[in-house]
Amino acid sequence: MTLQPASPLDPRFGLLWHLKLKLLRAIMGITTIGFTVLVFIQVVVRYFFDFPLFGVEEIAAYLAVWLYFIGSAYGAYKDNHISASVMDLFVSKERGRNIVGIIVALVSIVISAYTFWICTKYFQWSLQRVPKSPELKIPLGYTYVSMVIGLGLMVFYYLIELVLRVRALSSGTPFEPLAGSDLSDDPEHAQGL
């Protein structure tokens, strides 16, 4: 009997999977609220009291970077990121859609992995040189790490999508996105918890 390595889609990892998704949603929620509050405060202070508040734009920009990259990773998980799905109009058979989906997943992996590699080098550089923000002197590594985390998760989700698409192609079944699989964030569909 040969033992196969545990897959990220294995229900035994369900709790860890759901905690990761909750953490992503919490980061998106906190950064959205923080960004909104900071912009509101800046507008009120600048336009009603006629003076700028020191460092608010800087913090808002860094929160926005966290929101963009973590949100992009979550969008890759949910398979609801921006895509040009024109091929679905031209390819009517499920097999053809699965083949196109595999090609798209491969291209997404390559682009995300390359960008992840660049951001990892950039983050490493920021740890060595410790550049700081101009106003508040915040180490920029705190912002760059969001790029590494977000892009790393995107590569991870696209790899899982590729596996699911290859499975769908080989079995001749319609593709079911990761968010709709056994490890979805919907507790009704979760197994092993």
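**View 1. Helices H1 and H5 where they pack together in this predicted model**. Helix H1 (residues 14-48) meets helix H5 (residues 141-171) at an angle of about 135°, and their axes lie 14 Å apart. Helices here are DSSP runs of H or I with at least four residues, numbered from the N terminus; axes are lines fitted to C-alpha atoms over the stretch in contact, with angles running from 0 to 180 degrees between N-to-C directions. H1 and H5 are therefore oblique to each other, since angles under 35 degrees count as roughly parallel, over 145 as roughly antiparallel, 65 to 115 as roughly perpendicular and the rest as oblique.

**View 2. Side chains at the contact of H1 with H5**. From H1 come Trp-17, Lys-20, Leu-21 and Leu-24, and from H5 come Leu-153, Phe-156, Tyr-157 and Ile-160; contact means heavy atoms within 4.5 Å. Sorted by type, these residues are seven nonpolar, no polar and one charged. Here Ala, Val, Leu, Ile, Met, Phe, Trp, Tyr, Cys and Pro count as nonpolar, Asp, Glu, Lys and Arg as charged, and the others, Gly among them, as polar.

**View 3. H1 beside helix H2**. The axes of H1 and H2 come within 9 Å and cross at roughly 150°. That makes H1 roughly antiparallel to H2. The residues of this contact divide into 17 nonpolar, five polar and three charged.

**View 4. The buried residues of H1**. Look along H1 for its buried residues, including Trp-17, Leu-21, Leu-24, Met-28, Thr-31, Leu-38, Gln-42 and Val-45; buried means under 20% relative accessible area, with a 1.4 Å probe and protein chains only. They pack against helix H2 (56-78) and H5. An α-helix has 3.6 residues a turn, so residues three or four places apart point the same way.

**View 5. H1 from end to end, and the residue Asp-50**. At 1.5 Å a residue, the 35 residues of H1 should span 51 Å, and its end C-alpha atoms are 50 Å apart, which agrees; the expected span is 1.5 Å times one less than the number of residues. After H1 comes Asp-50, whose phi is positive, near 60°.

**Notes for all views.** Residues are numbered from 1 along each chain as its sequence is written, and side-chain values use heavy atoms, leaving out hydrogens and water. As the model is predicted, local features need pLDDT of at least 70 and side-chain atom pairs count only at pLDDT 80 or more, while totals for chains, interfaces and linings use all residues.

Key. Helices (H or I, at least four residues) and strands (E, at least two) are DSSP runs, numbered from the N terminus. Buried means under 20% relative accessible area, exposed over 50%, partly exposed in between (1.4 Å probe, protein chains only).
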